[in-house]
Amino acid sequence: MKMLVIDDESTLRRMIARIFQHEGWEVIEAADGLSGVLQARIHLPDIVLCDFEMNGLNGFQTLARLRAVDATATIPFILITGATERAGLRHSMELGVDDYLAKPFEPAQLIQCVQARLARVRLDRHQAEQKLAALRSSILMALPHAFKTPLNGIVGYSDLLASDFDAFSREEIREMTTTIRDSAVALDRLVDRFLNYTQLALAGAATGDEPAAGSNAGIEVEKVARRVAERHRRQADLVLDLGTGCPAITLAHLGRLTEELVDNACHYSAPKTRIDVTSRVEGRRYQLDIRDDGRGLTAEQIGQAGVFMQFERQRY
């Protein structure tokens, strides 16, 4: 394991170094914040211990420099400080400090603090790997089935028409071609949804046109919700209560989110039951709610919800 200790007090810095070298760590020392930032970018330590009060960059400023670069942005950062007032500690957490250690401290406290932080990092990493594995599994299970369903309609009916066209009446041919078209549209929507998700996942939600200043998101939400409800023949079930204001995303992305949620509500609730679409602004927060009377999810399933995640697929 590799540690970076940043402190302009040489006695304390060397004491910390000796403690962890005795534990088998490789320890890099830096006498000020600026050199600490440079050392972090060169050595990419597993953890940084940094004093708050230093000449030049203080602990907060040093942390800001580290967080500003991708290579060092996620390195665990423990702030060593004599400022024990609660306001100062809250401020340090808001700036992204992972943990703090108040002076004076015993070597055992220091070791315990570092071990606890690294244990948390390992747990977060393990959970992230589990989520990634679940995502891979969900994609492998869900996408082939999702593609297969509309393809069955396209391939099946087109094979019938190609092999024995003259055996069918005009009405039967019309029904078959309608099914082929509906299946193709469903497949096109599926591909479009997958590409949209990929775009958002890779590039972030800030891609595309900038949100229009002062625009009313309610107009976009209403337009999309009515279109989706019409597609499911659920226009009479749709109840809209939309406030003014617009979230800090593009209207195109807001429309996509609305379409997915309303489509889900229409698909998984019974006809002639309400689908409520409401929006409101509270301070700097824009909230959009879509509610239906479908079967719903358990609290545990909601906590695990993610892209391509489907629950109890074999049963439902």
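In the predicted model, helix H6 (170–203) provides the largest share of the lining of the largest pocket, namely twelve residues. Three further elements, helix H5 (107–164), helix H8 (251–267) and strand S8 (285–291), are among those that each supply at least two lining residues. The lining comprises 49 residues in total, and the volume of this pocket is about 2,500 Å³. Nearest the centre of the pocket lie Arg193, Glu260, Asn264, Tyr268 and Gln310. By residue class, the lining divides into 25 nonpolar, 13 charged and eleven polar residues.

The protein as a whole contains nine helices and eight strands. Its chain has 316 residues, and 33% of these count as buried. The accessible surface was computed as about 19,600 Å²; carbon and sulfur atoms account for 53% of that area. When contacts between residues at least 6 apart in sequence are considered, 64% of them join residues at least 24 apart.

Helix H2 spans residues 33–43. Four of its residues, Gly33, Gly36, Val37 and Ala40, are buried. These residues lie on the same side of H2, because the arc they cover around the helix axis is only 100 degrees.

Helix H1, which covers residues 10–22, contains Leu12. The relative accessible area of Leu12 is 12%; this residue is therefore classed as buried, the cut-off being under 20%. With residues up to four places away in sequence left out, the contacts of Leu12 are with Asp7, Lys103 and Phe105. A separate C-alpha distance was computed between Leu12 and Asp51: these two residues are 39 residues apart along the chain, and their C-alpha atoms are separated by 9.7 Å.

Note on methods. Residues are numbered from 1 along each chain as its sequence is written. This is a predicted model: local features need pLDDT of at least 70, side-chain atom pairs count only at pLDDT 80 or more; totals for chains, interfaces and linings use all residues. Side-chain values use heavy atoms; hydrogens and water are left out. On a 1 Å grid over the protein atoms alone, a cavity is a set of points where a 1.4 Å probe fits but cannot get out, and a pocket is an open set with protein on both sides within 12 Å along at least five of seven lines; lining residues have an atom within 4 Å of a point. Grid points are joined across faces, edges and corners, and a volume is the space filled by probe spheres set on the points. Ala, Val, Leu, Ile, Met, Phe, Trp, Tyr, Cys and Pro count as nonpolar, Asp, Glu, Lys and Arg as charged, and the others, Gly among them, as polar. Buried means under 20% relative accessible area, exposed over 50%, partly exposed in between (1.4 Å probe, protein chains only). Contact means heavy atoms within 4.5 Å. Accessible areas come from the Shrake-Rupley method with a 1.4 Å probe; for residues, only the protein chains shown count as cover. The arc is that of the directions from the helix axis to the C-beta atoms.
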